[in-house]
Amino acid sequence: MSQGIRRPHQAVDFDEAARRFPPPPEYFEGAYLASAEEIERTQLARLRHRADQAYRIPFHRRRWDAAGFAPGDLRTLGDLWRAPAYTVDDIRHSIEAAPPYGDYQAVVPGDAVREPMRLYMSGGTTGASRPTFYTAWDRAVGGILEARQLYMQGVRPGDVVVNSWSYGTHNGAFSFDEAAYQWLNCVVITASTGNVTSSRKQVELALEYGATAILTTGDYVLRLAEVVREMGLDPRKDLALKAIPNIGDTALLEETFGLPCFATYGFHEVQTVAVECEARDGLHIFEDAFVVQVVDPETGEPLPDGETGALVVTELYKTGSAQFRYNIMDLSYLMPRQQCGCGSWLRKIGPFAGRGDNMVKLRGVNLWPEVVGEVATSVPGTAPDYFVRALRDGNRDEMVVHVVGAGDPAGFGDLAGSVEDALRERFGVRIRAEIAAPGALDAWTGVDVSPKLKRFRDER
Ligand SMILES: [Zn+2]
């Protein structure tokens, strides 16, 4: 007797998942090219269904009742603005009040009898890790979304890929694994990080089996390129890479591997949200699975298209834990809906522009360290390495950007002036610039000790 147990293949109708959220390559012949009306019709229908489900979860019900919002209020996509947003702080409070899972999950472990599920922890880049339940359905659809990403970046069925993400408590490595194996029919070599499989061995595997992509961070794949060179080989010619699905220093990645690096945006609770297309002018949102809004990071008020603010994401597919107007505090902007050069009407966002919770208000102007750093390092003569500090000088706030100079130190004084001019022109306020020698910022950025560089320190 099964005693009512449903195995994953019984709990999930995989054909239904693929019909509702087409995997690649079918997706790119269908939903990717849908008309604006069709896209928004699908979004609204799914949004209303998601709202009904989310309202059953105590976390959302409590917040919606307090704000006077009910699922039935959703008559147009614009009505989504009437639902309250929440941030990671609200999720932390939920966990503290109802440990260990919080009351924002739609399932509990006992439900796994009927609804097989996994539990993954967030990376915890800011604060303690957060648990999220993913049902088998969530894994399936999340895998499809990530398979679309890999396809847009150049990975194809039948390819061999090395997965060098950490197979740990975080879902990153598993998401790529499931996407590549279950939905893109790639052959995955489960290398994990350099601690598990040495960098030398990773390179040997990629060479021997003709891997077309190495799934990992931009920093680590660049490290592997160094290993290739140490072996007397050329990363462009001797590796068989066809895609660089790696987030990092785009210019350096493209230069190193001689391939285009298409940007992506996503986060662990929902998988891939948006991917850059061949037109290379913004990232298309997978709008059959998401509604993305942009708000002022301080007030939560809607911002017009083109203005940088915090992304608020509502997913349209999950059953394990609803993300309904999650203000993720990642900064970007929305582009107006229009047909892209690639043929798609899917709305686009700009590239990730930093974290909204790092915002510094300088004489009335909202500044984000990452955006300041980006402008500073775009000045000719600088290297792509910087560190921003917020200081208190007397009774006013100041900001100093330290940028590494690429050329002769004799010219650093002039270079600082050029950087200050560029910053004033862009932001309309004075930001002090200091030019540092190569390597001088390493202790601040932590380049040798952490894969995630620190770029900002608040000293006020
Ligand atoms: Zn496009």
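The protein chain contains 13 helices and 18 strands; helices (H or I, at least four residues) and strands (E, at least two) are DSSP runs numbered from the N terminus. The model is predicted: local features need pLDDT of at least 70, side-chain atom pairs count only at pLDDT 80 or more, and totals for chains, interfaces and linings use all residues. Residues are numbered from 1 along each chain as its sequence is written.

The radius of gyration is 23 Å, close to the 23 Å that the globule rule gives for 460 residues, so the chain is as compact as a globular protein of that length. This radius is taken over C-alpha atoms, and the rule is 2.2 Å times the number of residues to the power 0.38. Along its principal axes the C-alpha trace spans about 80 × 60 × 45 Å.

The domain assignment, automatic or from a database, gives the following bounds.

| Domain | Residues |
|---|---|
| domain 1 | 8-138 + 265-349 |
| domain 2 | 155-261 |
| domain 3 | 359-458 |

The C-alpha centres of domain 1 and domain 2 are 28 Å apart. Seven residues of domain 1 are in contact with six of domain 2, contact meaning C-beta atoms, placed from the backbone, within 7 Å.

The axes of helix H6 (residues 136-153) and helix H7 (residues 172-183) come within 8 Å and cross at roughly 80°. Axes are lines fitted to C-alpha atoms, for helices over the stretch in contact, and angles run from 0 to 180 degrees between N-to-C directions. H6 is therefore roughly perpendicular to H7 (65 to 115 degrees). Residues of H6 that meet H7 include Arg139, Ile144 and Leu150.

Definitions and conventions: Parallel < 35°, antiparallel > 145°, perpendicular 65-115°, else oblique. Contact = placed C-beta atoms within 7 Å.
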